[in-house]
Amino acid sequence: MRRTLLIASLAVASMLAAACGSSGSASTTPAPTSGTSAAGTSAAGSSAAGTSAAGSSAAGSSAAGSSAAGSSAAGSSAAGTSDAGKPGGAGGDVGVFTWWADGSEKQGLDALVKIFGENYPNDKFVNLAVAGGAGSNAKAKLASDLQAGNPPDSFQGHAGAELTDYIKNGQIEPLDDLYKAEGWDAVFPKDLLSRLTMDGHIYSVPSNIHRANVVWANNAVLTKAGLDPKAPAKDIKGWIADMDKIKASGVSTPLAIAGTWTQVELLETVLISDLGADGYNGLFDGKTKWDDAKVTTALNDYKTLLTYANTTADGDDWPGAIDAVIDGKSAYNVMGDWAVAEFNSKNQKDGVDYSYFAVPGQDGVYDFLADSFTLPKGAKNPEGTKDWLRTIGSAEGQKAFNLAKGSIPARTDVASDGFPPYQQWAMDQFKKDTIVSSIAHGAAVNLSWNTDISNAVSQFYGSRDVAGLQTALVQAAQSNMAG
Ligand code: GAL
């Protein structure tokens with residue numbers, strides 16, 4: 001399993017490198033600075049860093065600028081004329097590529113597909129999903145399809161550094177006209193839009209905002225260990241002390257983990273706790289060195305946390321880790337808030353059966369990621385794709401999708417009432433919190449940097465060699481950080 005994943009990841013990196021015609025050193029999306037800020041506008045963390053994220057770069061301009069196909073979208077036209085869409089839809093198949101292939105994630109996709117079908121009955125949704133959380137299998141398939149000139153009509157990509165890969169590689173079309181026609185500039189947070197924009201052109205439509213740094217906990221297990229589910233630990237050390245109590249109560253693996261990408265997500269949250277939001281953000285623009293002593297502290301904490309975890313293999317997926325919490329085999333799992341959909345699908349009651357809190361040491365920090373959808377260059381049915389994108393960007397689509405997915409709407413004009421308690425909490429936190437970018441989910445680092453970090457984390461799972469992990473992380477930064 002482990003080998004398969006590594007090979008798949010390497011395949012993605014090398015395809016990207018080939019597509020870039022370079023050694024793969026794409027520039028990265030700097031983490032946003034710790035913008036607190038006003039409701040809605042803080043989105044992807046305000047600030048300079050956020051903006052430069054989607055910013056410039058020579059590679060970017062060539063991608064955005066080239067291509068005849070690109071000019072039709074980016075170029076011309078008065079608002080609304082070319083992109084108003086046809087009543088009932090353009091017609092034809094619309095093949096959409098995601099990794100929301102089964103379980104609660106498919107339920108989210110299905111909610112969106114339902115609205116798409118109602119609004120565009122002429123169009124036929126074709127589900128091209130490839131299973132595997134965080135795109136762990138899908139991204140390699142996508143890279144090979146794109147390279148072979150066989151793109152889907154739309155694919156899922158993370159806002160931020162990951163999207164800039166596709167833009168720089170010239171693989172997706174700008175969507176400026178669609179944004180103008182739909183008035184989307186006014187309804188999505190500016191700092192999120194900046195992460196979808198390069199050289200003045202905007203390239204994808206965000207469907208949602210997820211939070212990665214959430215601990216999901218089994219209330220009964222905590223209570224049995226003498227812990228109050230409403231009073232989580234304040235820092236990593238306190239959390240480890242709680243895990244000792246849980247172990248003493250008879251639960252041998254208090255912390256549930258799954259395959260490599262879930263470990264990367266756990267590691268990123270430990271880095272946030274031990275470096276603080278600003279220190280963590282600095283890892284992506286060179287202000288914080290990966291060989292810093294605080295990174296060493298975080299890696300040691302991460303190593304300690306793994307001693308409380310179950311054994312796992314690279315390909316194990318996230319629902320298994322959440323199910324271990326639901327079943328009481330573990331007390332905790334650090335997982336993005338797609339997890340809430342899994343609790344719902346197993347009829348678990350918020351506040352009764354399970355609880356959630358920011359990873360200890362980062363209350364007030366929102367580890368952000370957003371899914372977005374693209375119009376690939378060479379898509380067979382671009383007008384049908386635009387119908388799909390209109391569905392994604394609509395208030396109705398965002399409400400239906402996010403209700404089912406566990407995330408919060410990317411649009412700022414979707415009311416929070418009607419959402420369950422978790423999402424109401426998340427919407428509130430998102431307005432107030434300092435925003436940082438997820439490593440594991442393409443917001444902070446591009447695909448090749450993510451691959452290098454994942455390989456280092458995968459190797460560490462076997463070796464438990466902190467010095468070796470830190471050296472590999474330093475090297476990953478050196479070979480991937482924009483100069
Ligand atoms: C993330 C994605 C989420 C969810 C998660 C688990 O990368 O953004 O929407 O699908 O993976 O698969």
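I started at the ligand and found 13 residues surrounding it, the closest being Trp 100, Glu 105, Asp 371, Lys 405 and His 441. A reminder to myself: this is a predicted model.

Next I looked up some polar distances around the ligand. Asp 371 has a side-chain N or O atom 2.6 Å from an oxygen atom of the ligand. For His 441, I found a polar side-chain atom 2.7 Å from a ligand oxygen. I also checked His 210, where a polar side-chain atom sits 3.4 Å from an oxygen atom of the ligand.

Then I moved on to helices. How do α11 and α13 pack? I noted an angle of about 15° between α11 (residues 236-248) and α13 (residues 293-306), with axes 11 Å apart. Angles under 35 degrees count as roughly parallel, so α11 and α13 are roughly parallel to each other. Their crossing is left-handed. On the α11 side I listed Ile 236, Lys 237, Trp 239, Ile 240 and Met 243, which meet Asp 301, Thr 304 and Leu 305 of α13. Sorted by class, this contact has five nonpolar, one polar and two charged residues.

My last stop was α5 (residues 103-119) with α16 (residues 382-393), which pack at about 115° with their axes 9 Å apart. Which hand does the crossing of α5 and α16 have? I wrote down right-handed. From α5, the contact uses Leu 109, Leu 112, Val 113, Ile 115 and Phe 116, and from α16 it uses Gly 384, Asp 387, Trp 388, Thr 391 and Ile 392. By class, I have seven nonpolar, two polar and one charged residues in the contact of α5 with α16.

Terms used:
Residues are numbered from 1 along each chain as its sequence is written. This is a predicted model: local features need pLDDT of at least 70, side-chain atom pairs count only at pLDDT 80 or more; totals for chains, interfaces and linings use all residues. Side-chain values use heavy atoms; hydrogens and water are left out. Axes are lines fitted to C-alpha atoms, for helices over the stretch in contact, and angles run from 0 to 180 degrees between N-to-C directions. Helices (H or I, at least four residues) and strands (E, at least two) are DSSP runs, numbered from the N terminus. Angles under 35 degrees count as roughly parallel, over 145 as roughly antiparallel, 65 to 115 as roughly perpendicular and the rest as oblique. A crossing is left-handed if the near helix is turned anticlockwise from the far one by less than a right angle, and right-handed if clockwise. Contact means heavy atoms within 4.5 Å. Ala, Val, Leu, Ile, Met, Phe, Trp, Tyr, Cys and Pro count as nonpolar, Asp, Glu, Lys and Arg as charged, and the others, Gly among them, as polar. A residue is near a molecule or strand if one of its heavy atoms lies within 4 Å of it. A polar contact is a pair of N or O atoms within 3.5 Å; within protein, one must be able to donate a hydrogen and the other to accept it, and residues adjacent in sequence count only if both atoms are side-chain atoms.
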